[in-house]
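Dear colleague,

Please find below the structure that I am handing over to you. My notes on what was found in it follow directly after.

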Amino acid sequence: MDFRLMGLDSPLFNTLHHIMDLTDDSTDKNLNAPTRTYVRDAKAMAATPADVKEYPNSYVFVVDMPGLKSGDIKVQVEDENVLLISGERKREEEKEGVKYLKMERRVGKFMRKFVLPENANVEAISAICQDGVLTVTVNKLPPPEPKKPKTIEVKIA
C-alpha cells in the first residue's frame, strides 16, 4: 500500500509502513517456531513408549530399555509431582575393520514425563531395570480418614 497516494506521506506513516513490511508471515513463523530443545525433547518423548498401570496400592510405569545399564538411566521427580525418566543410548565404538551395513537401532536421548496423581507418594518410589525393561513403582498415599462429624453442645439460655 502506498501511503503517498492517500496523502499520508509523513515520516510517521512511512515508519509504520516499513514496520508493516518487516512483519510478514515468515517473521511470525520464526518467532512462533519451537525451540531446538523443545523439538529434541518432543522427539525423545515420542520415541520412548511406556505402559502405565494402576494397582490398589501403587502406580507402575514400564519402559523398554534394551541394552542400557543403570548408569544410563535417570529417574527423578520434578516440581513435586512430575516423574521424569530419561537417559541416553550411545552407539558402540567402531572397531577397526568393521563397518555398519545397516543401522536401525535407535540411539540418542530418551525421555518421558508423567504428572503424578495427588495420591502418589513421591517419597516412596523404586526403580528396577531387569532384562532391558525399566519398572518404576510409585506407592500411593493412604486414603485420608473420613472426617467425623463434629458435635456442638447446645446450651439452654
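Two strands are said to pair if DSSP finds at least two bridges between them. Please bear in mind throughout that this is a predicted model.

Strand 3 covers residues 73-78, and strand 4 covers residues 82-89. The two strands pair in the antiparallel sense, over 6 bridges. Is Asp79 buried or exposed? Its relative accessibility is 66%, so Asp79 counts as exposed.

A positive phi is also found at Asp131, with a value of about 55°, and this residue is not a glycine either. Asp131 belongs to the loop that links strand 6 (120-130) with strand 7. Because its relative accessible area is 74%, and exposed means over 50%, Asp131 is exposed.

I turn next to the interior. In soluble globular proteins, nonpolar side chains tend to be buried together. The largest nonpolar core in this model has 15 residues, of which Phe61, Met65, Leu83, Ile85, Val136 and Val138 touch the most other members. At least two residues of this core come from each of strand 2 (58-64), strand 4 (82-89), strand 5 (108-115) and strand 7 (133-140).

Which residues does Leu83 contact, leaving aside its neighbours within four places in sequence? The contacts of Leu83 are Phe61, Val75, Gln76, Arg112, Lys113, Phe114, Leu116, Val136 and Val138. Among these, Phe61, Val136 and Val138 are also listed with Leu83 as core residues that touch the most other members.

Finally, I draw your attention to Lys140, which is placed in strand 7. Lys140 counts as buried because its relative accessibility is 17%, and buried means under 20%. The side chain of Lys140 makes a polar contact of 2.6 Å with the side chain of Glu54. Not counting residues up to four places away in sequence, Lys140 touches Glu54, Tyr55, Pro56, Asn57, Ser58, Tyr59, Asn119 and Asn121.

With kind regards

How values were computed. Residues are numbered from 1 along each chain as its sequence is written. This is a predicted model: local features need pLDDT of at least 70, side-chain atom pairs count only at pLDDT 80 or more; totals for chains, interfaces and linings use all residues. Side-chain values use heavy atoms; hydrogens and water are left out. A nonpolar core is a set of buried Ala, Val, Leu, Ile, Met, Phe, Trp, Tyr and Cys residues joined through side-chain atoms within 4.5 Å. Buried means under 20% relative accessible area, exposed over 50%, partly exposed in between (1.4 Å probe, protein chains only). Helices (H or I, at least four residues) and strands (E, at least two) are DSSP runs, numbered from the N terminus. Contact means heavy atoms within 4.5 Å. A polar contact is a pair of N or O atoms within 3.5 Å; within protein, one must be able to donate a hydrogen and the other to accept it, and residues adjacent in sequence count only if both atoms are side-chain atoms.
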